[in-house]
Amino acid sequence: MKKLFLVLSVFVMMAGSLSAQILLGGAVSLVSPDTIHSQYETFCEGAKKFYTKVHGLEGQSLYNHLAAVQTYIDFLASQNLRNVPDWERPFLEQVKEGNITDALSGYRNQNLVNRYQGGEPVGASLERYVILLELSGDRLGVSQGLQIMQQVISSDSTNLSALFLFAHVACDLHQGNLAEPYMNSYRNRMAGVDRRAYAEVLALHALNAYRRSRPNDALRWGNRSVMVYDSLVNVLGDPHYDAMQRARLHYAMGCIQFRLGETKESVAHLRKSYELFEYLGAEMPNVQFIERIRILYSMAPLCADQAQYLLADSIYREVDATAPWLFEGNENQQSLFQFNTLRLRGLSAYFANNLEDAHRYFREAGERLNHLENLAPGKNQEAHENLNFNIASVYYKQGNLDKALEYNMKVLDMVLKDTEHDQKRHFNDLTYCYKYIGNTHFAIGYNKYLKAKKRKTKEVMDHYVVARENYARALKYTPREAESRAKFNLCTLIIQGMEKPMAMPKGF
């Protein structure tokens with residue numbers, strides 16, 4: 001199997017977007033993992049009380065809303081509360097108790113923007129205020145947060161953390177274009193002054209473009225950011241220079257290039273990101289702890305679906321050993337994690353030729369996926385595509401070609417209905433669908449040729465005709481796809497009587 005196909009969307013962390021944790025950028029957290037764990041549970045419970053009491057949410061609706069605001073809970077859980085000003089502490093205590101409305105009223109009365117513009121060091125408090133406005137789930141509140149951050153960055157042209165948060169809130173409100181003039185201004189200002197800041201702004205350009213479904217622009221900005229960072233690494237002779245920011249960037253680039261169908265480049269970026277996260281985990285374990293775990297959690301299935309199974313397995317093990325509590329109480333994330341790990345085990349069994357074990361793991365993964373579908377109907381399209389293709393591959397390798405064809409046709413039907421991806425990704429997916437359907441017909445034709453005592457019966461030749469048609473469809477979407485071109489030509493020779501039917505390889 002040369003490609004495992006159609007992986008979880010690159011926006012795997014937050015139901016359709018790159019992790020907002022990346023966009024929050026920011027300050028280094030020196031809070032211990034145990035403290036973060038404790039604060040995470042407390043703020044989660046406060047959010048649950050708030051949504052139950054104020055918004056009247058319960059059951060699945062409550063769960064869905066909590067899942068959507070995990071980023072903001074992560075942000076609060078990662079704060080070093082010992083550094084919070086005395087006047088602000090009662091507000092955060094109110095948040096823990098579920099009294100977010102009262103806490104917001106307290107922040108509002110502090111006139112933080114005026115104090116910030118007057119020179120007081122209240123920037124961190126302002127950020128927490130805006131995050132709470134996001135957490136409130138009120139669109140007017142989020143809009144107010146956007147206005148606050150716009151005032152901040154208009155009055156402070158050097159605060160990158162504020163720029164990151166402004167861009168994030170703008171994207172949440174589907175106003176990502178609003179951030180671009182500010183990013184351009186920051187970028188032009190930093191270009192000849194601070195190359196590290198310049199690289200960060202280039203990375204923010206890439207993330208903003210990607211969240212706005214402009215992957216080619218994202219790739220252009222991201223490549224420039226990588227080049228600047230690489231030059232700094234070379235000059236300083238420090239391979240771990242600005243490790244957290246570069247790990248974020250390489251992960252984002254891995255996502256971007258995966259979406260563009262550039263597997264080799266995507267894998268290289270993901271490996272680089274993981275190397276930097278490994279360094280941080282060993283040398284600076286408290287730095288952006290939750291963000292690192294969440295990105296690794298997203299990175300693992302992306303690696304697995306690009307045939308990097310050992311890397312994916314290492315990542316899953318690290319996440320499970322480091323912070324399994326992140327998924328406790330979040331049924332969707334727990335089920336998704338279990339689905340991904342079971343599917344990875346199935347793939348490992350497939351490549352070890354333990355096909356019965358592969359079927360068993362894929363069957364268990366399917367049970368988890370059905371549970372996911374009950375939790376979030378219609379939100380697991382790619383997971384269904386991936387798993388059905390994997391099952392088709394096992395049947396093919398076992399020689400059960402009719403079942404392999406059945407499952408490959410199911411995958412094609414799903415891909416034809418897919419409206420989530422841009423044209424390049426969609427064409428790439430269709431190419432592989434038609435190629436594997438062609439391969440299956442090719443193999444069925446050869447089996448029937450043997451059963452007919454090596455006679456080219458009409459039934460035999462019909463399968464080669466259908467195989468050729470599917471290779472032609474694959475080439476329509478990707479004209480330079482080498483395997484489809486070679487098999488198309490071979491089918492033509494067989495149909496014309498210039499070659500004998502021959503066996504396909506045992507695996508796709």
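The expected span of a helix is 1.5 Å times one less than its number of residues. Keep that rule handy for the first stop, and remember throughout that this is a predicted model.

**Stop 1: helix 21**

Select residues 401-416. This is helix 21, with 16 residues, and from its first C-alpha to its last it reaches 22 Å, close to the 22 Å expected at 1.5 Å a residue. Now show the side chains. Which residues of helix 21 are buried? They are Leu401, Ala404, Leu405, Tyr407, Asn408, Val411, Leu412, Met414 and Val415.

**Stop 2: Ile444**

Stay with helix 22 and click on Ile444, which sits in that helix. Is Ile444 buried or exposed? Its relative accessible area is 5%, and anything under 20% counts as buried, so Ile444 is buried. Leaving aside residues up to four places away in sequence, Ile444 touches Leu401, Asp402, Leu405 and His463. You've met two of those already: Leu401 and Leu405 are among the buried residues of helix 21. For a distance check, pick Leu342 too: from C-alpha to C-alpha, Ile444 and Leu342 are 30 Å apart in space, and they are 102 residues apart in sequence.

**Stop 3: helix 22 beside helix 23**

Bring up residues 458-477, which form helix 23. Helix 22 and helix 23 pack with their axes 8 Å apart, at an angle of about 165°. Because of that angle, helix 22 is roughly antiparallel to helix 23. The crossing here is left-handed.

Next, look in the loop between helix 22 and helix 23 for Lys454. Lys454 isn't a glycine, yet it has a positive phi of about 60°. With a relative accessible area of 55%, Lys454 is exposed.

**Stop 4: helix 14 and helix 16**

Select residues 243-259 for helix 14 and 289-304 for helix 16. Their axes come within 11 Å and cross at roughly 25°. How do the two helices run, then, roughly parallel or roughly antiparallel? Angles under 35 degrees count as roughly parallel, so helix 14 and helix 16 are roughly parallel to each other. The crossing of this pair is left-handed. To see the contact, show Met244, Arg248, Tyr251, Cys255 and Phe258 on helix 14, plus Glu291, Arg292, Ile295, Ser298, Met299 and Leu302 on helix 16. By type, that contact has seven nonpolar residues, one polar and three charged.

**Stop 5: helix 6 and helix 8**

Now go to residues 100-108 (helix 6) and 123-135 (helix 8), whose axes come within 10 Å and cross at roughly 145°. Helix 6 passes helix 8 in a left-handed crossing. From helix 6, the contact uses Ile100, Leu104, Tyr107 and Arg108; from helix 8, it uses Ser125, Arg128, Tyr129, Leu132, Leu133 and Leu135. Those residues divide into seven nonpolar, one polar and two charged.

Zoom in on Ser125 in helix 8. Ser125 is buried, with a relative accessible area of 3%. Beyond residues up to four places away in sequence, Ser125 touches Pro85, Trp87, Glu88, Tyr107 and Leu112.

**Last stop: Asn111**

Finish in the loop between helix 6 and helix 7 (112-117), where you'll find Asn111. Asn111 has a positive phi, near 50°, in a residue other than glycine. Is Asn111 buried, partly exposed or exposed? Its relative accessible area is 47%, and Asn111 is partly exposed.

Methods: Residues numbered from 1 in each chain as written. Predicted model: local features only at pLDDT ≥ 70, side-chain atom pairs only at ≥ 80, totals over all residues. Heavy atoms only, no water. Helix = DSSP H or I, 4+ residues; strand = E, 2+ residues; numbered from the N terminus. Buried < 20%, exposed > 50% of the residue type's maximum accessible area, 1.4 Å probe, protein only. Axes fitted to C-alpha atoms, helices over the stretch in contact; angles between N-to-C directions. Parallel < 35°, antiparallel > 145°, perpendicular 65-115°, else oblique. Left-handed = near helix turned anticlockwise from the far one by under 90°. Contact = heavy atoms within 4.5 Å. Nonpolar A, V, L, I, M, F, W, Y, C, P; charged D, E, K, R; others polar.
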